[in-house]
Amino acid sequence: MTDPKKYILAIESSCDDTSAAVLCNAKVLSNVVATQEIHRQYGGVVPELASRAHQQNIVPVVHQALAKANIDKKQLSAIAFTRGPGLMGSLLVGTSFAKSLALGLEVPLIEVNHMEAHILAHFIQDGDRAAPPFPFLALTISGGHTQIVKVSGHFAMELLGESLDDAVGEAFDKSAKLLGLPYPGGPLIDRYAQGGDPSAFAFPKPKVDGLNFSFSGLKTSILYFLQRETKKDPAFVGDNLADICASVQHTILEILMDKLRAAVELTGIKEVAIGGGVAANSGIRARLREAEEKLGWRTYVPKFEYCTDNAAMIGIVGFLKFEKGEFTDQRVAAKARYALGS
Ligand code: KG4
Ligand code: ZN
């Protein structure tokens, strides 16, 4: 009889986090993430430095993941890895490592789309946390992504809308930078916003067709607003930081919620699942609770460590593909632009 337990080693290296995880079927045994601190001093991710740091981190991170899971590499059933989308130099490190390891261990290789993984993270078995039932809407919000996706099955996804320019996390981070806050400023805006008045200042919302988003105009209007106000009063930012943060956050959340409400109306689907680093924002969580109470939505947020970039979400896709017998040829190459469902 074959062992019903499948052990998947998963590798994620699409941006600036090197991560490895071991899953036993849909359960996470370990999920190790090495966050690259080097980018902090540059106020954003520097692709060449990210690639070099992945090369340094990948072997120790994989070792740690296996050790924490108490699994020998000979027990592995398959190696899953992020093929794309992401930074080419970063993806290359994880892709080559995964290919070599699978070849050496003579186990199947499984490619994973990073954006599908953010969504399928909801299917990681984690205590009594329920996965969203199909069909559901997924809102993926992070420093690199802003997408609304209709999910009809594990591998039946339809992109309904996405940002045409900056991702929502970038909107938070760039606004924070204008306020003199360190990178990544999203969590700081969230913190200051909690003590401020969201209606203190008004910023225009962009007019974008359909379910797409745009955040680059907001950054420009904040810049002009701050230039105007500090000319009148050089202490303006320091004296009004909480109110500015609350107003910026309010505008960003309005932009997100307007489109999410439109997607619910368009599809009639009230199951709404969110993921990505911005899912940590206290304001978005409050908005979702409000939509549950007032609009009858049912909302789903994975554990935070499965929201930010991590290999456990790559592992769950690896397991689901393993079950389907969907394996990848050794000739596979990393793919920086990799559309969902392609
Ligand atoms: O998913 P993630 O860790 O990495 C990727 O970008 O893929 O997301 C990081 C982003 C950053 O832009 C960060 O500022 C934002 O998520 N973020 C937040 C909060 N926590 C993290 N933005 C707003 N409020 C937060 N509490
Ligand atoms: Zn991501």
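Predicted model: local features only at pLDDT ≥ 70, side-chain atom pairs only at ≥ 80, totals over all residues.
Local features need pLDDT of at least 70 and side-chain atom pairs count only at pLDDT 80 or more, while totals for chains, interfaces and linings use all residues. Residues are numbered from 1 along each chain as its sequence is written, chains are lettered from A and ligands numbered from 1 in the order in which they are written, and side-chain values use heavy atoms, with hydrogens and water left out.

**View 1. The chain is divided into two domains.** Domain 1 covers 7–122 + 306–324, and domain 2 covers 131–302. These bounds come from an automatic or database domain assignment. The C-alpha centres of the two domains lie 27 Å apart. Domain 1 brings 20 residues to the contact and domain 2 brings 24; contact means heavy atoms within 4.5 Å.

**View 2. Domain 1 and domain 2 bury area between them.** The buried area is about 1,800 Å², and carbon and sulfur atoms give 75% of that. Buried area is the accessible area (1.4 Å probe) that two parts lose on being put together, summed over both. In domain 1, Ile119, His122 and Cys307 lose the most area to domain 2, together 40% of what that side buries. The count of salt bridges between the domains is zero; such a bridge is a side-chain nitrogen of Lys or Arg within 4 Å of a carboxyl oxygen of Asp or Glu.

View 3. A backbone N or O atom of glycine 144 lies 3.3 Å from a ligand oxygen atom. For a backbone N or O atom of glycine 169, the distance to an oxygen atom of ligand 1 is 3.3 Å. Aspartate 309 has a side-chain N or O atom 3.0 Å from an oxygen atom of ligand 1.

View 4. Most peptide bonds are trans. Proline 85 sits in the loop between strand S4 (78–84) and helix H2 (88–105). Helices (H or I, at least four residues) and strands (E, at least two) are DSSP runs, numbered from the N terminus. Proline 184 lies in the loop between helix H4 (168–178) and helix H5 (186–193).

Definitions and conventions: Polar contact = N/O pair within 3.5 Å; in protein donor to acceptor, adjacent residues only side chain to side chain.
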